[in-house]
Amino acid sequence: MTDTAIQLTSKKDWSSDQEVRWCPGCGDYGILQAVQQLMPDLGVSPENTVFISGIGCSSRFPYYMNTYGMHSIHGRAPAIATGLAVARPDLDVWVITGDGDGLSIGGNHLIHALRRNVNLTILLFNNRIYGLTKGQFSPTSEVGKVTKSTPFGSIDPPFNPLAVALGAEASFVARTHDLDRKHMMEIFRAAHDHRGAAFVEIYQNCNVFNDGQFNDITKRTVRDEMMIDLVHGQPIVFGADRQRGVAMGSNGFLQLVEVADVGIDNILVHDQHHPHPSLAFALARLNTDDHSPTPFGIFRQVERQEYAGAVGAQLAAAAEKKGPGDLAALLRSNGTWTVG
Amino acid sequence: MTDTGVLDRLVVRFAGDSGDGMQLTGDRFTSVSATFGNDLSTFPDYPAEIRAPAGTVNGVSSFQVQLADHDITTPGDNPNVLVAMNPAALKADLARLEPGGTLIVNDDSFEERDLAKAGYDHNPLDDGSLAGYRLIRVPMTSLTKQACEPLGVKPRDAERSKNFFALGLVSWMYTRPTEPTLEWIAARFKDPLVAGANTAAFQAGFHFGETTEQVGHRYEVRPAKLPAGEYTSVTGNTALAWGLVAAGQLAQLPVTLGSYPITPASDILHELSKHKHFGVRTIQAEDEIAASGMALGAAFAGHLGVTTTSGPGVSLKGETISLAVSIELPLLVIDIQRGGPSTGLPTKTEAADLNIAMYGRHGEAPLPIVAAYSPAQCFFAAIEAARIALTYRTPVILLSDGFLANGSEPWRLPDIADLPDIRVAFTTSPNGTDADGNSVYLPYLRDPDTLARPWAIPGTPGLMHRVGGLEKADRTGNVDYTPENHQRMGDLRAAKIDGIAASYPPLVVHGDPDEADLCVLGWGSTWATIHATVERQRRAGHKVAWIHLTNLNPLPNDLGEHLRRYRTVVVPELNRGQLCNIVRAKYLIDAQPINKMSGLPFTVGELEAALDQIRTAQQGVPA
């Protein structure tokens, strides 16, 4: 990619001519707005940007971006994006997925894309429900959820998407939500700028099949007390008067405390660059449901060898050592003999 | 020393325990014979278990090779010589040995325990049951230990070199040059003690032949009068991998392979992984589905995307192949067929994936199918599959099988300049106008000749577009669910595939195209056996025509016309009649199936008997 060739773009340049067809009031609109508004500021061009999605409501996303795009197969977007990114490290590749697409049918591809650290920006729209198939429980639905396929309540324990990503050795893990465009843009920018696989969970409201799932956390009236902003290098505090915080107890577990009780020096200082993922994991597991204070922001961001770059380095090393490929020589590499 | 007799052909089968190194022994014997100038064909036959219980019939690993002083295509029906390293090998393979054939056994391994493991309650070497063969009993283990003793090799280590003793002995019996093997041992085994032990064992075997009366007459198979040229020896999987490298060079596109390890396709992944200096990228994926997805992602990016698999892996790739049909991108899917269903017979051959290649997708999803027919021809089949995929922007399934994959033959190297030009152009500027008269890119505007859609790759300014699995509008590619459009797009996808047949050369009818009543229609690795059978039948005075297909979908436009010229059409297949059914349905002819499903290729004897039977049944029936 040559930076000099990039023209200044506006939000309009990133919007396709296709009519957006999510349900009125869907949280996906806010996410699309945030992405389209952010793109002109990233210093990249539409022709060098690709959005790959799987199947589900969120996966319609690429149709609305005036970039290259593929609405692919249920769950397979990370695999297809891996092939694309390995073939063309010059491209900006985004993966759009949901809780069903990314964590159920495509769980295997998601964890392996994170493990390989392919240079992908992965946005997982988590609404804790299957929307496109009209309301079955998803792998992030809480136990007991009554849906069309679970009239007596779901008995499946849910995944915690961030914990899955951290377990899969993700080098960038963050959470944001669909009601705060500024926060989304900030997180998406950091995810885009990260070299390697960046995983972002977005709490997204499905107003048709799971309306208000995150109301107790993200509604404007409760945010101060329920959202914990993670800021690198800062003590982890929250509340209208920043009176509450996160501290490590003597048992090694994180706990919510009153700052006044323990003193600010005993509040955990967030270190998103720490090489060990254990604190990020503990923060990812801090909230046990959607009714308790929940951390948002970047949980983990570390430098690790990026996959497509490593593939390219091996190719370059081979070409350096052996010279360009010579087909006639290849056909003779097992030894030959001459007749006549 | 005795005089040397001359044979026009020789079939040797090396059989032993999986840990005895029989594949290596056979491979060396083959290499030396290839360099010597014989024509040859090989058949490695081994169990799926890496090390089945030692000494049991389940653990027997064999390698059969036919050498000749003339053009041959098969590894031979029945060995003239069987080398059995243990009782299990004798039990597994004796029935194959020709009556009166030479049976060389490692006498040291016929102890009571060895016999029991193989299921013998007494020693078959002593009970007269082998009187119909020329039995040569050689204490290979103890002679190998003796030969290695002066080198200071521990007896237990020395024992591992006994396959080289066997190789040395057979090399003497059939007058094979020794230098190439000695050089190979020195180069292959870095540990001087191991190299020394193998050399000592090989020489001991060779000298044993020379000095004992027991082995008797020595024979040679003279070099074949093959067409002049430079030759190498390749297996089907190696040739196929080289064909993919060549296709990338000929198309001037980087090759990206997504693959998940599976027998017997893994060797293509291994081979391609060596050739990074050709710009070949290989990704060992997390599963078969991801492997095909990665290849498709690479195709979207403008690479030659390839995925390789076998057996159950083919089923898993179905959804990606359907997407590739829908978004009309080139994708090479290589299926090295093996015995099925399910895990089936991972190391044995079968050609029963034609139906899944034809029909194994949801919806109407036609695609081209190419079938390789000999180990060396896998090279050209890969290029042909790539040509079709790139030209017509379609997934292509290339069928090979376990017999081709692991078998080898001499290959007269082609002139690189004679290989086809399969370059295609990416679209780099708008190709249409919208309602307002603005220049736009229409990703589904078709080439009038090929019906292929344009291929504009990410990074091309102004041609940003989205593709996906939802039905698309003709020309614009926008999502479109209207009834007329779905009908039209389905018709267009089918017409595009049907039109590929126009790019084939005319069919060749071998044998007696004009005089024959009977035509053999074959595909895939049966080529070798059909070739030998047709020649044998013609020598016996029968008139036989033979058509061998490499393009299985769409079928060649001239196939129906050819088939209708013959009173009888027979279709030998290593399945239950898959091509036969297609031909019967498409041309409404009474094609006769000849089927085998044992995990082994046809023998010439079997095919000849089947043809004779069909011919006899036809006699007296009015034409």
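Predicted model: local features only at pLDDT ≥ 70, side-chain atom pairs only at ≥ 80, totals over all residues.

Student: Let us start with the contact between the chains. How many residues does each chain contribute?
Tutor: Chain A gives 51 residues to the contact and chain B gives 57 residues.

Student: Which elements of chain A supply at least two residues each to the side that touches chain B?
Tutor: They are β2 (68-71), α2 (77-87), α4 (107-116), α11 (307-322), α12 (327-331) and β12 (337-339) of chain A.

Student: And which one supplies the largest share?
Tutor: The largest share, eight residues, is from α2(A).

Student: How many bridges join β2(A) to a strand of chain B?
Tutor: Three bridges link β2(A) with strand β19 (residues 466-468) of chain B, and the two strands run parallel. Within that pairing, A:H71 has B:G468 of β19(B) as its bridge partner.

Student: Turning to chain B itself, in what order do the strands of the seven-stranded sheet come?
Tutor: The order in this open sheet of chain B is β11-β10-β12-β13-β15-β14-β23, with mixed pairing. Its edge strands, each pairing on one side only, are β11 (281-284) and β23 (551-553) of chain B. On average, neighbouring strands of the sheet are turned by 20 degrees against each other, direction ignored.

Student: In what sense do β10 and β12 of chain B pair?
Tutor: Strand β10 (residues 255-259) and strand β12 (residues 304-309) of chain B pair in the parallel sense, over five bridges. One pair of bridge partners is B:T256 and, in β12(B), B:G305.

Student: Which strands does α9(B) touch where it packs on this sheet?
Tutor: Helix α9(B) touches β10, β12, β13 (331-337) and β15 (395-401) of chain B, and its direction makes about 170 degrees with that of β12(B).

Student: At what angle does α9(B) pack with α15(B)?
Tutor: Helix α9 (residues 236-251) and helix α15 (residues 377-392) of chain B pack at about 40 degrees, with their axes 7 Å apart. The two helices are therefore oblique to each other. Their crossing is right-handed.

Student: Which residues meet there?
Tutor: Among them are B:W242, B:L244 and B:L250 in α9(B), and B:F379, B:F380 and B:I383 in α15(B). The residues of this contact divide into 16 nonpolar, two polar and no charged.

Student: What about the five-stranded sheet of chain B: in what order do its strands come?
Tutor: The order in this open sheet is β20-β22-β21-β24-β25, again with mixed pairing. The edge strands are β20 (510-511) and β25 (592-595) of chain B. Strand β21 (residues 518-523) pairs with strand β22 (residues 544-549) of chain B in the parallel sense over six bridges. There, B:L521 has B:I547 of β22(B) as its bridge partner.

Student: Which strands does α18 of chain B touch on that sheet?
Tutor: Helix α18 (residues 527-539) touches β20, β21, β22 and β24 (568-573) of chain B, and its direction makes about 170 degrees with that of β22(B). Helix α20 (residues 578-587) of chain B also packs on the sheet, where it touches β21, β24 and β25, and its direction makes about 150 degrees with that of β24(B).

Student: Which residues of α4(B) are buried?
Tutor: In helix α4 (residues 140-148) of chain B, the buried residues are B:M140, B:L143, B:T144, B:K145, B:A147 and B:C148. These residues pack against elements including β6 (102-106), β7 (134-138) and α8 (192-211) of chain B.

Student: Back to chain A. How do α1 and α6 pack?
Tutor: Helix α1 (residues 28-38) and helix α6 (residues 181-193) of chain A pack at an angle of about 55 degrees, with their axes 9 Å apart. They are therefore oblique to each other, and the crossing is right-handed.

Student: Is A:K182 buried or exposed?
Tutor: A:K182, which is found in helix α6 of chain A, counts as exposed because it has 10 C-beta neighbours inside 10 Å.

How values were computed
Residues numbered from 1 in each chain as written. Chains lettered and ligands numbered in written order. Axes fitted to C-alpha atoms, helices over the stretch in contact; angles between N-to-C directions. Helix = DSSP H or I, 4+ residues; strand = E, 2+ residues; numbered from the N terminus. Parallel < 35°, antiparallel > 145°, perpendicular 65-115°, else oblique. Left-handed = near helix turned anticlockwise from the far one by under 90°. Contact = placed C-beta atoms within 7 Å. Nonpolar A, V, L, I, M, F, W, Y, C, P; charged D, E, K, R; others polar. Buried ≥ 20, exposed ≤ 12 C-beta atoms within 10 Å, placed from the backbone. Pairing = 2+ DSSP bridges.
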